Amino acid sequence: MEPPIEINYSDAGGWTVVEIRGEVDVYTVPTIKQHMIERLADGLRRFVIDLRGVTFIDSMGLGVLVGALKRVQAVRGELKLVITDAHTKQLFALTGLRHVFPIYDSVYQARRTS
């Protein structure tokens, strides 16, 4: 059975926009991790991860995002998140990750903000 997730990426003005749709949990973390490793291996360094299509995120999902941030920072890149769901924003606030990740309401806003 395929994980309940869809990952797409595109280039938007020098940023790689990674759109994740579905559940970000223990079952889908390996897929997300592999995707990010491949994009970094391709030489990409500036990422906006669009989580607007995420329906659920657990602690493993948060962990894979932290791991992605560390990998991107290790190559002097940038990683920003797009989150619009109130529950997901609250999760990031409660875990303190709101202070770790730059979080925006739109891909456009994330790309335009330094």
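Visitor: Is Arg-76 buried or exposed?

Guide: Arg-76 is exposed, with a relative accessible area of 80%; buried means under 20%, exposed over 50% and partly exposed in between, with a 1.4 Å probe and protein chains only. This is a predicted model, where local features need pLDDT of at least 70 and side-chain atom pairs pLDDT 80 or more, while totals for chains, interfaces and linings use all residues. Residues are numbered from 1 along each chain, and side-chain values use heavy atoms, without hydrogens or water.

Arg-76 sits in the loop between helix 2 and strand 4 (78-82); helices (H or I, at least four residues) and strands (E, at least two) are DSSP runs, numbered from the N terminus. The phi of Arg-76 is near 60 degrees, a positive value in a residue other than glycine. Positive phi turns up again at Gly-96, which follows helix 3 and has a phi near 85 degrees.

Asp-58 belongs to the loop between strand 3 (46-57) and helix 2 (59-74). The side chain of Asp-58 reaches two backbone nitrogens: a polar atom of it lies 3.0 Å from that of Met-60, and the nitrogen of Gly-61 is 2.9 Å away. A polar contact is a pair of N or O atoms within 3.5 Å, one able to donate a hydrogen and the other to accept it; residues adjacent in sequence count only if both atoms are side-chain atoms.

Asp-58 is buried yet has no salt bridge, and the nearest side chain of opposite charge, Lys-33, is 14 Å away. Here Lys and Arg count as positive, Asp and Glu as negative, and His and the chain ends are left out. A salt bridge puts a side-chain nitrogen of Lys or Arg within 4 Å of a carboxyl oxygen of Asp or Glu.

Setting aside residues up to four places away in sequence, Asp-58 touches Val-24, Asp-25 and Val-26, where contact means heavy atoms within 4.5 Å. That brings us to Asp-25, in the loop between strand 2 (15-24) and helix 1.

Elsewhere, charged side chains do pair up: the count comes to 6 salt bridges. In one of them, Asp-50 meets Arg-52, with the closest N and O atoms 2.7 Å apart. Asp-50 is buried, with a relative accessible area of 4%, whereas Arg-52 is partly exposed at 43%. Another joins Glu-19 and Arg-21, whose closest N and O atoms are 3.3 Å apart. Glu-19 is partly exposed at 27% relative accessibility, and Arg-21 is partly exposed at 39%.

Finally, we come to helix 3 (residues 86-94), whose N-terminal end is capped by Asp-85: a side-chain oxygen lies 3.2 Å from the backbone nitrogen of His-87. Lys-89 forms a salt bridge with Asp-105, 2.6 Å from N to O. This pair links distant parts of the chain, 16 residues apart: Lys-89 is in helix 3, and Asp-105 is in the loop between strand 5 (103-104) and helix 4 (107-112). Lys-89 is partly exposed at 31% relative accessibility, and Asp-105 is partly exposed at 43%.
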